[in-house]
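Subject: Two-chain model, handover and findings

Hello,

Here is the structure I promised to pass on. My notes follow below it.

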Amino acid sequence: MKLMHVLAVAILSLGLAACSKPTKPDETTAAPTESGAAASGVGVGVDAGAGAGTATQLTPQQQALAAIQQKNVVYFDFDSSEIRSEFVPVVAAHAQYLVKYPTARVRLEGHTDERGSREYNIGLGERRAQTVRRALLAQGVAEAQMTTVSYGEERPAVEGSDEAAYAQNRRVELVHAQ
Amino acid sequence: MQSTPATLKSRAAAVLLALATLLGAMPGHAQLRLDITQGVRDAVPIAVVPFGGQAEGGENDIAAVVANDLRMSGRFAPLERRDMVTRPTSGGEVRFEDWRLLKSDFIVVGRIEPDGAGLAVNFELHNVRTGASLLAQRLPSTEKGLRATAHRIADLVFERLTGIPGAFSTRIAYVAVDGKPPAQRYRLIVADADGFNPRTVLESREPIMSPAWSPDGQQLAYVSFESKLSAVYVQRLATGERSRVSARAGINGAPAWSPDGRRLALTLSRDGNLDIYTLELATQQLTRVTSDDAIDTEAEWSKDGQSLFFTSDRAGNAQVYQVRLDEARKAERVTFTNSYNARPRMSPDGKELALVTLDRGGYRIGVMDLASRNLRVLTNARQDESPSFAPNGAMVIYATRDGGRGSLAIASSDGAFQQRLSSDQGDVRDPAWQPFATRR
């Protein structure tokens, strides 16, 4: 819990620093989204060092989580939902953790680059998330441990309209809770 | 963890307040502004003379609003004010030979007068060559309602000269995003068709997408991820009252209203596979329409409400299909030009589809005639998307990218011109043009 708290605060402050356009106080979000922003940001904004600094206080599970979270993004080729060979070990490490800790939960967030139609990209992102889900399933992870969500092109990891940016945005983030 | 969100929220509020204090003035809503990027060939020259009874240059400058609307349509080239030698405010004051020299084909003049507790706006439209009066009306108004009256005048002038009802009194919905990833702020905004009077309908730190107007123009359906998962909401604009109409497991997306306003077509996912459903709003009765293994999404209703057009990659890449809402529910492919066609949107007369097409390496807006299947490409950028017809069918609003930022643009349905609506802050995207039903 402590780790998650530290991470959440780190990410939120990161988010606030990046949010350069304040709005009127009476216009702040009506929706309860702060926790959502923190949770879904874990995949991108985490500096693994933040977890390592408090490692002495962590349970074995938290340590295992901190270790696998150093690599928690699977990237994809254009118009593809195949897991590239270099990310097979990444998925395997997450699978091992989830099998070892059956109460652990993971959220698979599928994303695309910005090209093409938005709702269709929601479909492509979902297809990528499902590919990772099936890979985890095949390695013994229980169905109940996983949820998927697709953000399509709505939540890019980086800004930019070049191939370098696109390559970083075509991804599935494995976001762990618990 | 349970107490964390509240703590974070108050902390966030404190930081925002501090920032706001530091900056002094806080930015308002994203305001759209028409950028004239090119002169339009064959645009009709028209003089819209500053109206009498009001100072020139203010936000409510009627002639400026009318001229801007006419310019936005791409069919008119309003005369610059600095070229106007005189300021007639009624037809009797117009010396037509002066305006012939200025090469204006038509002239609009008018004045504002007190009228009881409110105001009245008189305006006249004349043919400069013949001197004939084409329109003369007196419209009741108020100080606050002057922009609306100006849009009404533009509608009437546009209709008198083109035979097509003007769409300047309608509104547009769109999504504005600011902040850098991953900490972005999403706002659903409704503004006048010329970008003025932006009003935030919903604000969230999670994505908002796909706003869709109800046929009566009173409600918006949209997708919001505010609960961390996608859900479809319906919101009544006058009251702000909203309801969550679909938050099923998996994807809830791409809402589209049936022509009678009773049903929504939706995209839902089962086992990660996206299919089209219809949802009866009053009863919540859900009917599955497609059950293909592919991505089926972005449904749009035919004008008679008997079939849906949608995007599917069942043949390997995205194409548009049509499925009849009968027992057989057989889907037929309707796009064959280009390797990518998506996001069909029906024209107000039901005869054409606007869509996103991959044309010579760029994602562009095309319009396909349903009878002939001919596709004409309206735009020429690399990432144009989300087309939506104006309710008079004369224009299509769409999203494009401009210097790395999302912006909105308008193209004439015949492809003769495009004009950009630039935003003074953030990315703007996902435009939807309000239908006509709300007109007084």
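Does Arg382(B) count as buried, exposed or partly exposed? Arg382(B) has 13 C-beta neighbours inside 10 Å, so it counts as partly exposed. The cut-offs are these: buried means 20 or more other C-beta atoms within 10 Å of the residue's own, exposed means 12 or fewer, and partly exposed is in between, with C-beta atoms placed from the backbone.

First, the ground rules. This is a predicted model, in which local features need pLDDT of at least 70 and side-chain atom pairs count only at pLDDT 80 or more, while totals for chains, interfaces and linings use all residues. Residues are numbered from 1 along each chain as its sequence is written, and chains are lettered from A and ligands numbered from 1 in the order in which they are written.

More on Arg382(B). It is in the loop between β25 (375-377) and β26 (385-389) of chain B. Helices (H or I, at least four residues) and strands (E, at least two) are DSSP runs, numbered from the N terminus. Leaving out residues up to four places away in sequence, Arg382(B) touches Gly362(B) and Tyr363(B). Contact here means C-beta atoms, placed from the backbone, within 7 Å.

The chains

Chain A has seven helices and four strands. From the N terminus, its elements run α-α-α-α-β-α-β-α-β-α-β. Of its 178 residues, 45% count as buried. Among contacts in chain A with a separation of 6 or more, 74% join residues 24 or more positions apart.

Chain B has four helices and 30 strands. Of its 440 residues, 50% count as buried. The share of contacts between residues 24 or more positions apart is 44% in chain B, again among those with a separation of 6 or more. The C-alpha trace of chain B spans about 75 × 60 × 40 Å along its principal axes.

Domains of chain B

Chain B divides into domain 1 (32-162) and domain 2 (171-438). The bounds come from an automatic or database domain assignment. The C-alpha centres of the two domains of chain B lie 34 Å apart. Contacts link 13 residues of domain 1 of chain B with 18 residues of domain 2 of chain B. On the domain 1 side, β1 (32-35) and α2 (62-72) of chain B each supply at least two residues. β1(B) gives the largest share, four residues.

Sheets of chain B

One open sheet has four strands in the order β9-β8-β7-β30 (chain B), with antiparallel pairing. Two strands pair if DSSP finds at least two bridges between them. β9 (199-204) and β30 (427-433) of chain B are at the edges with a single partner strand each, so one side of each lacks a neighbour in the sheet. Strand β8 (residues 185-192) of chain B is joined to β9(B) by five bridges. Val190(B) stands opposite Arg199(B) in β9(B).

Another open sheet of four strands runs β14-β15-β16-β17 (chain B), also antiparallel. Its edge strands are β14 (252-257) and β17 (286-288) of chain B. Eight bridges pair β15 (residues 263-270) with β16 (residues 273-280) of chain B. Ser269(B) has Leu274(B) in β16(B) as its bridge partner.

Helix α6 (residues 118-138) of chain A lies across β14, β15 and β16 of chain B, at about 155° to β14(B). Axes are lines fitted to C-alpha atoms, for helices over the stretch in contact, and angles run from 0 to 180 degrees between N-to-C directions.

A buried residue

Asp430(B) lies in strand β30 of chain B. Asp430(B) counts as buried because it has 27 C-beta neighbours inside 10 Å. Leaving out residues up to four places away in sequence, the residues it touches include Arg118(A), Tyr174(B), Met209(B) and Ser386(B). The C-alpha atoms of Asp430(B) and Ile172(B) are separated by 10 Å, and the two residues are 258 apart along the chain.

Best wishes

Conventions
Two residues are in contact if their C-beta atoms, placed from the backbone, lie within 7 Å.
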